[in-house]
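The following paragraphs go through a predicted model.

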Amino acid sequence: MKINGFLKDVLGSSRVVKARRELIKSGSETAVFRDPINDVARELHPDVTHVKVTKVEDVSPTARKYTFEADQGDILPPFQCGQYVSIDLQIGDTLTTRPYSICSAPFEARTGEHPFFEITVRNGKPGTGYVSCWFYENVKAGDTFTAHLPFGQFYYEPLRDSHNVVALAGGSGITPFYSMAKEIEHGTLDINLTILYGSVSTKDIILEKQLKAVKSDKVRFINVISGDEAYDGEKGFLTAELIKKYSEGDTTYFVCGPLAMYHFVKGELDKLDVPSKRIRMEVFGAPRDITAAEGYPQDFNPQTFRLHVMRGIQEDIIEASSLEPFAVALERAGIKNRTRCRSGACGYCRCQVLDGDVFVPAEGDGRRMADKEFGFVHACSAYPLTECTIRIPIL
Ligand SMILES: Cc1cc2nc3c(=O)[nH]c(=O)nc-3n(C[C@H](O)[C@H](O)[C@H](O)COP(=O)(O)OP(=O)(O)OC[C@H]3O[C@@H](n4cnc5c(N)ncnc54)[C@H](O)[C@@H]3O)c2cc1C
Ligand code: FES
């Protein structure tokens with residue numbers, strides 16, 4: 001920096017003040033405040049995007065692929081292969097959300113006359129699949145929704161992950177890998193991807209035709225069937241032996257599927273001494289049976305408690321089953337509350353427990369240390385063990 005001497009610098013600064021005054025004089029009468037950084041952030045991460053279903057297609061005997069385009073003049077935000085969308089759903093009196101991995105490729109949401117994204121929803125089992133059954137049976141072309149996208153950390157990051165990726169998938173956990181396969185085929189994702197997809201029978205394979213149609217020598221797709229001895233291909237589970245057979249050199253493993261599969265696959269990867277930095281696991285939603293979670297009080301009988309819900313000075317008293325997280329109790333009572341991952345990971349549903357005991361499963365505990373200390377929980381992953389009082393944001 002050049003120093004001109006005290007007097008010259010003082011005179012220089014007075015010229016700056018004069019120039020500033022002139023600029024202000026020549027400005028508009030009305031205050032126009034624009035923050036270009038925030039504008040870009042809003043475009044990349046809109047709070048909500050209006051979307052319309054444009055196509056529904058069967059992709060297995062029990063799963064359907066849904067194509068969405070932006071609606072009401074909105075623009076689809078960019079996303080990475082492996083991220084998910086959280087969709088707002090009004091089912092009867094209940095306003096809820098569910099996360100679904102985006103199975104289309106990011107380039108398809110940016111290019112063409114009709115940019116789109118797709119999800120694949122597997123039909124639920126009657127009695128347990130509250131949203132999945134409703135979605136599978138009711139959603140049709142022309143239906144409109146509000147969606148929150150993109151979310152999640154389950155994407156390939158070249159600075160962190162190896163160039164060779166082995167995907168270990170089960171059930172609807174195949175969906176993010178179809179997105180990756182298509183992006184590789186398009187030439188905008190440069191990795192070698194081997195997909196090992198475990199299913200009980202060939203009838204359970206989702207997106208098979210679509211995955212087999214991907215033309216790229218960087219993508220391999222191998223079905224592994226556990227319940228059919230006569231199957232002419234890889235049989236059994238995603239064992240260490242099988243994983244080793246399809247791994248080449250330094251490899252990052254991406255795991256996506258049901259919770260039971262995570263436990264099994266983690267054990268098999270440990271047998272191969274795979275370091276944890278080479279294992280990426282997608283979040284898996286709430287446990288089907290919280291009483292089976294590690295650390296759940298052994299002699300506790302399921303029951304329904306009173307839940308005091310504070311929003312500012314307003315207090316509502318609702319019912320909360322010990323078998324369901326706070327988020328579901330709020331939804332059943334028609335109280336608005338934000339949820340995205342519904343797995344305890346993202347923190348969107350964060351609320352404070354002012355009174356009472358709760359159980360938070362270790363596998364769904366994505367809280368910060370400070371939050372734990374000050375009694376904050378993630379409502380999608382906190383189960384009442386007594387009558388409780390919670391404080392939630394006013395929405
Ligand atoms: C990151 C991520 C990605 C995912 N991607 C996919 C995907 O690509 N494809 C896919 O098929 N699935 C995917 N899922 C799973 C998906 O989000 C749903 O969990 C799945 O569709 C099953 O939904 P469900 O409501 O049927 O069951 P659950 O999500 O298990 O919900 C059932 C629960 O709903 C609650 N409930 C029941 N009745 C009511 C009521 N009246 N009011 C309020 N709550 C009630 C109860 O607590 C019940 O236990 C993904 C999950 C995550 C976390
Ligand atoms: S919705 Fe993500 S932590 Fe609850």
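Six strands form an open sheet in the order β10-β9-β8-β7-β11-β12, and their pairing is parallel. The edge positions belong to β10 (234–235) and β12 (279–281); each has a single partner strand, so one side of each is left without a neighbour in the sheet.

Within this sheet, seven bridges join strand β7 (residues 164–170) to strand β8 (residues 192–199) in the parallel sense. One residue of this pairing can be followed across: V166 has T194 in β8 as its bridge partner. Helix α4 (residues 175–186) packs on the sheet and touches β7, β8, β9 (219–225) and β11 (251–256). The direction of α4 makes about 150° with that of β8. Another helix, α7 (residues 259–271), lies across β7, β11 and β12 and runs at about 165° to β11.

I91 lies in strand β3, and its relative accessible area is 11%; residues under 20% count as buried, so I91 is buried. Leaving aside neighbours within four places in sequence, I91 is in contact with T96, Y130, V131 and W134. For one of these, Y130, the C-alpha atom is separated from that of I91 by 9.4 Å, although the two residues are 39 residues apart along the chain.

Terms used. Residues numbered from 1 in each chain as written. Chains lettered and ligands numbered in written order. Predicted model: local features only at pLDDT ≥ 70, side-chain atom pairs only at ≥ 80, totals over all residues. Heavy atoms only, no water. Pairing = 2+ DSSP bridges. Helix = DSSP H or I, 4+ residues; strand = E, 2+ residues; numbered from the N terminus. Contact = heavy atoms within 4.5 Å. Axes fitted to C-alpha atoms, helices over the stretch in contact; angles between N-to-C directions. Buried < 20%, exposed > 50% of the residue type's maximum accessible area, 1.4 Å probe, protein only.
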